[in-house]
Amino acid sequence: MTPDDFEFVADLLKERSGLVLTRDKSYLIENRLMPVLRRRRLKGLGDLIGYLRDGEESLAREVVEAMMSGETTFFRDWKPFEHFRTVTLPNILKARKDKESFRILCCGVSTGQEAYSLALLLREAGDALAAWDPQIVGIDIADGAITRAQKGVYSQFEAQSGLPVRMLISSFEKVGDSQWRIKDVLKAGLEFKRWNLTEELYPLGAFDVVLCRNVLTFFDQETKIQVLGRISRLLTDDGALYLGLDETTVGISNNFRAVVPEIGVFGVDRPDRPVSQSLAVGAWHGSSQSNAKESA
């Protein structure tokens, strides 16, 4: 790939998705676009970039989706989910008891495992949520990922990645010899939408909790500022934000303060509603991954 071709693809990705691709990550272009080459029966990246330069819109969308495809598993990194289960959710049950509803947004939801992980935790709450109307909205830029999330069908490997065996048996049904489909009862209250984080988010409505985990790392500083600004406007005054383990709002947004920074938990911090009132604040001592999974 020539330097000029690299710059063309990098500019396309930045414009369409906010993704910043530096020269040291050029290998990602070859790795992630090989399936596109095969599907399109193109001889190489030169041909693909040539079509992109000619303005083929469908190919441009396919390239952006391929480059933005992220790694995801059920209960990825586990501890943020354990924090949600033991701290944020109990706080929600107290703070929202009058209306018995709350909303969670999952940004960069990919093929849906994060949203379904939350749904599994809510189901585990049992009678405590029996009369409630929780809603989970998952958004992603990739049409293909959203379609898969809506279907809720996963390979044997995907189903076993991060998912406790007990949950797999109780909440999924076997499809053929090597696939698992999440049961319809888990899909109640879930909605998946194609959405670009570089666009305004306010049409999605207000949320009590937002997960934007392992997404900001793909953006430059200016885009991070814009995305966190949009998220802060969506969150309730006592809202909770979950980022990736290596992500932070420090130096990027004054609308959030760290609650448990080592696992990426932040609370909304407004002049009249300090972070101490966030749904994410509470006694949490952490736990080993194995112990946490056994208790889930």
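What you have is a predicted model, where local features need pLDDT of at least 70, side-chain atom pairs count only at pLDDT 80 or more, and totals for chains, interfaces and linings use all residues. Residues are numbered from 1 along each chain as its sequence is written, and side-chain values use heavy atoms, with hydrogens and water left out.

Let's start with the sheet. Strands of a sheet pair through backbone hydrogen bonds, either parallel or antiparallel. Here, an open sheet of 3 strands runs in the order β3-β5-β4, with antiparallel pairing. Since β3 (153–155) and β4 (172–175) stand at the edges with a single partner strand each, one side of each is left without a neighbour in the sheet. From one strand to the next, the twist averages 35 degrees. As for the terms, strands (E, at least two residues) and helices (H or I, at least four) are DSSP runs numbered from the N terminus, and two strands pair if DSSP finds at least two bridges between them.

On to the charges. Side chains of opposite charge can pair when their charged atoms come close. The structure holds 21 salt bridges, each being a side-chain nitrogen of Lys or Arg within 4 Å of a carboxyl oxygen of Asp or Glu. One of them joins arginine 181 to glutamate 173, with the closest N and O atoms 3.1 Å apart. Arginine 181 is partly exposed at 31% relative accessible area, and glutamate 173 is partly exposed too, at 33% (buried means under 20%, exposed over 50%, partly exposed in between, with a 1.4 Å probe and protein chains only).

Glutamate 124 forms one with arginine 166, the closest N and O atoms being 3.4 Å apart. That pair ties helix α6, which holds glutamate 124, to helix α9 (residues 165–171), which holds arginine 166, across 42 residues. Glutamate 124 is partly exposed at 38%, and arginine 166 is partly exposed at 42%. Arginine 148 forms a salt bridge with glutamate 158, with 2.9 Å between the closest N and O atoms. This one links helix α7 (residues 143–151) to helix α8 (residues 156–160), 10 residues apart. Elsewhere, Arg39, Arg40, Glu56 and Glu62 are linked in a network of salt bridges.

About 310 Å³ lies in the second largest pocket. On a 1 Å grid over the protein atoms alone, a pocket is an open set of points with protein on both sides within 12 Å along at least five of seven lines, and lining residues have an atom within 4 Å of a point. The pocket is lined by 15 residues, and Leu122, Arg123, Pro134, Val185 and Ala188 lie nearest its centre. Elements giving two or more residues to that lining are α6 (113–124), β2 (133–140) and α10 (184–187).

Methods
1 Å grid on protein atoms, 1.4 Å probe; cavity = no way out; pocket = protein on both sides within 12 Å on 5 of 7 lines; lining within 4 Å. Points joined across faces, edges and corners; volume = space filled by probe spheres on them. Axes fitted to C-alpha atoms, helices over the stretch in contact; angles between N-to-C directions.
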